[in-house]
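Hello,

Here is the structure for you to look over. My notes follow below it.

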Amino acid sequence: MSESRPRTLFDKIWDNHVVERLPDGTCVLYIDRHLVHEVTSPQAFEGLRMAGRRLRRPDATIAVADHNIPTVGPRNPEAIAEEDSRIQVQTLERNVKEFGVPYIPILDVRQGIVHIIGPELGISLPGTTIVCGDSHTSTHGALGALAFGIGTSEVEHVMATQTLLQKPAKNLLIRVDHTLGFGASAKDLVLAIIGKITTAGGNGHVIEYAGEGIRALDMAGRMTVSNMSIEAGARAGLVAPDETTFAYVKGREYAPKGAAFEQALAYWRTLPSDPGAQYDTTVVLDAREVAPMVTWGTTPGAVVPVTGVVPDPATVGDEGARAQMQRMLDYMGLTPGTRMEDLPIDVVFIGSCTNGRIEDIRAAAAVARGRRVAEGVRALVVPGSGQVKRQAEKEGLDRVLLEAGFEWRDPCCSMCLGMNPDKISAGQRCASTSNRNFEGRQGPGGRTHLVSPAMAAAAAVNGRITDVRQLG
Amino acid sequence: MDKFTTLTGVAAPLPLANVDTDKIIPARFLKTIKRSGLGVHLFDTLRYDAAGKERPEFVLNQEPYRHAEILIAHENFGCGSSREHAPWALLDFGIRCIIAPDFADIFYNNSFKNGILPIRLPRAVCDALIEDAKLGGNARLTVDLERQVVVRPNGEEIHFDIDPFRKHLLLNGLDDIGQTLQHAPAIDAYEARRRAAEPWLPSTTEAA
Ligand code: SF4
C-alpha cells in the first residue's frame, strides 16, 4: 500500500483492515464490530454448532432482538403471541448464552433497533468495520465507519473468523452543495439522491456523502441518509467524521473515555479523504432544490416532490420500464396525473432505523402539537430504542403525540416490515418514515409512501399526503 | 455446500427488473430457524392469490417450469434486504443458477455461499435466453462453470465472466470458513498489531 497516493475515507478504512490480500485480489478483511439480531443469526449459530466451532471474538459482538418484538404488551419473549416469532427470539437468547455473546435483553432500556442502538451506545465508532446480518447496517457509516450488511453465511463466517472475504468496492462521491431549505429534511435529501441515481446507481460502490449539505446535517440526519445507501444499491455509505461526529460519540456508554478518547480522536482526524483522492464516480446535488419528497411506486427510486403528480407511463420510451411503471401504479392503485397531495392516507407510521431517533420524534411532535390526527387515520409512533422513548417522554413528546391522537408504542422495527403484529392490510395506503416501499413490505397488499417524519405527521393530521411547508 | 460443475435443466423466464428480496421471499416467512423448507414460499405473492391458491399465470406454476433449475430475469435482481432466505428459498425450490444483466451486491454474494451460480450477461443476451426459455421443456439450457459458458438449445455457446476464487470454491463445493481458517496465524498477527496501534478500541463485553 503506497502512502503517497491520496486516499479516500473508504480506502483508508479498508487498508487498515486488510489482514491478507490473496493472489486474485480478494482480501481477508478484519471486522471490528459484529451486531447480531434474531432473524438472520439462528442458522449461523447452528452452523457453528454443527462444525464444533466457537465465536472467535464474543467481545467484538453484541446481540439484540428487534424485528419480532411487539410494540405493545409485556416485553418478554414468552409473551410474544406468534409462535414463530417467539421461537426466533428464544433461540437467540439460548444461542447468546451458549456462545457467550453479550446480549441486550428486551426489557433493558438500551434495547432497540440494532441500527439505532449501535451508534447510540457508542458501539459504532469512526474508522471501524461494522457488519450485521441486515442490509441497513449502512446506517453506521454516518459515523465514518465502514458498515455493511451481510448474509447469514457471512454472519457465521465472521463469528468463526472475525473476518470476511471481500474485494474492495468502487468509490462513489455524492457531493451535496448548499444546505436544505425550509421543510426539507435528511430523508427528503436521500430520497432525492435515490431518485437521481436510481436504485441500482450505487451497485458495486461505497458511497461517500460530502459537501456542505451533508456537513450541515446533525448525526441523526446523516444516519438517515447513510441508512438508505442500500436503497441506492450501495452496500455502504460513509460520512467523514468531523466535530459533529466527535461530539456525538463522546461520553457514550461503550465509547473510549479519557486518554483513550484523545488517542482515538487523533486517529479519527486522519480519516477524511485526502485532497485529490480519486473517485470512480461523482454525483453533485444542490440541496436548495430538494423539496419534501414522496414515493409513488414500489421502489424507493420511484419518487417525486410532494408538489408533483403521479407520473404517466405513456411518457416512458423503453417498453420494459413502461411496463414496470404500470405494474407499480396498478399495485399502488394510482392514476397518472393525480396530484400527490390528493392522495388519502389510511395509516401513518413514524419509526424504523431510518427515522426512529429522538430528532425524528421531535420533528413529528412539532407538526402534531395542537393538531388532531384526521378521522379514520391510524397513526403509530414507534421510538427506535428504549433510550429514545425515555428521552421523548422526558421532553413530553409522548403527551403531545397522544393528545393529537397518535399511538405511542414501545421500541421495535414495528411496521417497517410485516414481521411482527404491526402491519397494514391489503389496499391500505400508508405514509411511512421507513426505507422500503416494496410490494407487501408493510403487510400483504399494503401500499407504502415513503416520507420524512414531519411529512408523515402532516399526512396524519390532514388525512392525505400534505406538503408540510403549507402547515407553517 | 454442493459442488457446482455443469447443470442442464429447464430455465424459467422471469422478465422483470428489480426483483427485490421481499418479492423472492416476503418478510413474514423469515421466522424460521432453519435453512430448508422455504421453497413453497418462493415468490409467494406472485405465486399464490390471497386465498393461498396458485395463480396459473405465474411461470413457476406452469409445466415444465415447476421443475426449473435456472431462472432468467432482468436488471438488478435480488435488490433489497440481506436476507439469505432469498437464496435459500430459491435453492429449496430447485434453482441452482440465475441469469440476469446484473444483481444487487449482497444477493450476488449470498448466492455463491449457497451453491447458486449467478451469471451476469448483457440484457440482449438475457432476452434471447428468455425467448429460449419460453419454448418450454424441450429448450433446456446447459451451464458449464468449468468452461464458463451457457449453451443455448441451438448449440450456441455464450461466455460469461466469473471471479476465479468464487469459481474455485463453487466447483469444489468448498466452505469459505474452512478456507479462511487457514489464515488464522495472519489473523492472530493482525489482531496483535491493531491492539498495539489502537488500544483505545473498547470491547462489547464491558462498557468503558
Ligand atoms: S427498522 Fe426496518 S429496515 Fe431497520 S432493521 Fe428494522 S426492519 Fe430492517
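Predicted model: local features only at pLDDT ≥ 70, side-chain atom pairs only at ≥ 80, totals over all residues.

How much area do chain A and chain B bury between them? About 5700 Å², with 56% of it on carbon and sulfur atoms. Three residues supply 11% of the area that chain A buries against chain B: A:Gln43, A:Arg56 and A:Tyr254.

The contact takes 83 residues from chain A. Chain B brings 59 residues to it. Between the two chains, 33 residue pairs are in polar contact, counting pairs with both residues at pLDDT 80 or more. The rule also finds eight salt bridges across this interface. As for individual pairs, A:Glu82 forms a salt bridge with B:Lys31. Their closest N and O atoms are 2.6 Å apart.

Now the ligand. The space it takes is the largest cavity. The residues surrounding the ligand include A:His67, A:His115 and A:His136. Three cysteines are also among them: A:Cys353, A:Cys413 and A:Cys416. A:Asp134 and A:Arg441 belong to the surrounding residues too. By class, the shell has five nonpolar, five polar and two charged residues.

Best wishes

How values were computed:
Residues numbered from 1 in each chain as written. Chains lettered and ligands numbered in written order. Heavy atoms only, no water. Near = heavy atom within 4 Å. 1 Å grid on protein atoms, 1.4 Å probe; cavity = no way out; pocket = protein on both sides within 12 Å on 5 of 7 lines; lining within 4 Å. Sits in = over half its atoms within 2 Å of the grid points. Nonpolar A, V, L, I, M, F, W, Y, C, P; charged D, E, K, R; others polar. Contact = heavy atoms within 4.5 Å. Buried area = accessible area lost by both parts, 1.4 Å probe. Salt bridge = Lys/Arg side-chain N within 4 Å of Asp/Glu carboxyl O. Polar contact = N/O pair within 3.5 Å; in protein donor to acceptor, adjacent residues only side chain to side chain.
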